[in-house]
Amino acid sequence: MTLWGTPVTLDYNHRAVSETPQALLDPFREYGDVVWLPKLNRWLVLSQPAAMETLRNSSLQVLKRRDMALRLEDQVGLNLAALSSVLNWIPFSHDGARHSDLREAFGRLLTSITADYLKAYEDVSSELLEKMRVAEQGDFATGYADRLHLEIVGRFIGVPPSERQKLACHTALDGFILNNASVREIRDANTQLAAILETVHALISSGQSSPFLEKVGDALRQTGLEDTPTSRSECIVALIVLGDDTQAGALTVGLASMLDACDGALCLDAADNGLPKGQSLVDEVLRIASPVKNSARYATEDTMICGHAIAKGENVTLSFQAANFDPKAFPCPHMLKDGRRGHVAFGGARHLCTAMPLVRKTLAITFRHLATIGRIEARPGRQLAACLTVHRYEHLPIRIVPEP
Ligand code: HEM
């Protein structure tokens, strides 16, 4: 690419950008909405309008990660059976007929479990926050955000309480990004997913029944997919992977951002705390957190994004973190403000997150509960997870000061 006739080499390092995204992404913006990264041999999408165009463009398809896993098995001689069977159930690893089927199945499943999921979320959220309120402190990441989705799905499928956190798949996620991951990360992802699949499969094969398992079966059959213990297990593990770290990221980065906006001491029920209210707060937290950091596409034919020619076969990385901090779309992007529209934290178009309506409700439940426990204060020890895919804190210590 050239800038005023001068060749420009933009150096982008995934790991460094992952650690301090905005400081490293902002300087790229002066070169445009979409910039070419020669060392990575791919386009980087930075602005909100370019992100929307990318998501809507049917010539830009998702990477077929399952096929990549199968190829890697042949090339490197690894056994990636668990990874490839879960990727077979991740809708944004597919376009075409398989994607349509998965989208329909997850849509049906999420619609049928929404009421039960929200009820369970209310209960688990109250229980976990009550423990912190009594102790007057806690780690909001390990004691709350990391636990909700696993507690809920674990309850639904009959995992004993002491075993539910073993469904966590934090380190598995980087192994999903097969094009950026190291062989060790890919192998670890496979090992972790194999253990979770085994736990879920053992429960399902034991003949144990539950309303949730019946709903999984209904969603598969109504979509025309095979309903077997294996397909139910793989679908449930995909549901765990999709919802665990993503929600934990929104919750932890969200609370940290609200604490920072309130100088480290937050009263969520105070009308004058300066934060947006209601659903506006939920969407601003999602924008600022951008839990899914980025997504990859490749061009199946020559195409354009915001006037940039993308040639057939070229790769495109869409940075949700950059698009959600686009200063033209979101002036003063680091501030939580009322009345903003158009964040892309859930992606968009044909791969728009199927759980978006559910997640917007779960976050609202958390904020309602946080508003009742007293003043929340930041404590030292905050630590971001070293993860390329999901933006979340793995530690977020807080103090809870009862209201007089
Ligand atoms: C704060 C929480 C969440 C965020 C920010 C989020 C974000 C996203 C994003 C960005 C995509 C699109 C990826 C792409 O285009 O490459 C996506 C897709 C998806 N998400 Fe979420 N997600 C969240 C929670 C969940 C939960 C809790 C579930 C299910 C329990 C879920 C299920 C899905 C599904 C099924 C898709 C695939 C849609 C498709 O490809 O057609 N997500 N999500």
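A polar contact here is a pair of N or O atoms within 3.5 Å; within protein, one atom must be able to donate a hydrogen and the other to accept it, and residues adjacent in sequence count only if both atoms are side-chain atoms. With that in hand, here are my notes on the model.

1. First, the ground rules. This is a predicted model, in which local features need pLDDT of at least 70 and side-chain atom pairs count only at pLDDT 80 or more, while totals for chains, interfaces and linings use all residues. Residues are numbered from 1 along each chain as its sequence is written, and side-chain values use heavy atoms, with hydrogens and water left out.

2. A polar side-chain atom of His351 lies 2.6 Å from an oxygen atom of the ligand. For His99, a side-chain N or O atom is 2.7 Å from a ligand oxygen, and for Arg297 a polar side-chain atom lies 2.8 Å from an oxygen atom of the ligand.

3. Helices (H or I, at least four residues) and strands (E, at least two) are DSSP runs, numbered from the N terminus.

4. Leu225 deserves a look. Leu225 sits in the loop between helix 11 (211-223) and helix 12, and counts as buried because its relative accessibility is 12%. Buried means under 20% relative accessible area, exposed over 50%, and partly exposed in between (1.4 Å probe, protein chains only). Leaving out residues up to four places away in sequence, Leu225 touches Trp89, Arg98, Asp101, Ala105 and Leu220, contact meaning heavy atoms within 4.5 Å.

5. Most residues other than glycine have a negative phi. Cys306 is not a glycine, yet has a positive phi of about 45 degrees; Cys306 lies in the loop between strand 9 (303-305) and strand 10 (308-310) and, at 26% relative accessibility, counts as partly exposed. Ala349, also not a glycine, has a positive phi of about 55 degrees. The loop between helix 14 (320-323) and helix 15 (356-370) holds Ala349, which is partly exposed with a relative accessible area of 40%.

6. Is Glu284 buried or exposed? Glu284 counts as buried, because its relative accessibility is 3%. Glu284 belongs to helix 13 (residues 278-289) and touches Pro276, Met335, Leu336, Lys337 and Arg340, again not counting residues up to four places away in sequence.

7. Finally, Asn57. This residue lies in the loop between helix 3 (48-56) and strand 5 (60-62), and is buried at 12% relative accessibility. The Asn57 side chain reaches the backbone nitrogen of Ser59 at 2.8 Å. Beyond residues up to four places away in sequence, Asn57 touches Thr303, Met304 and Arg350.
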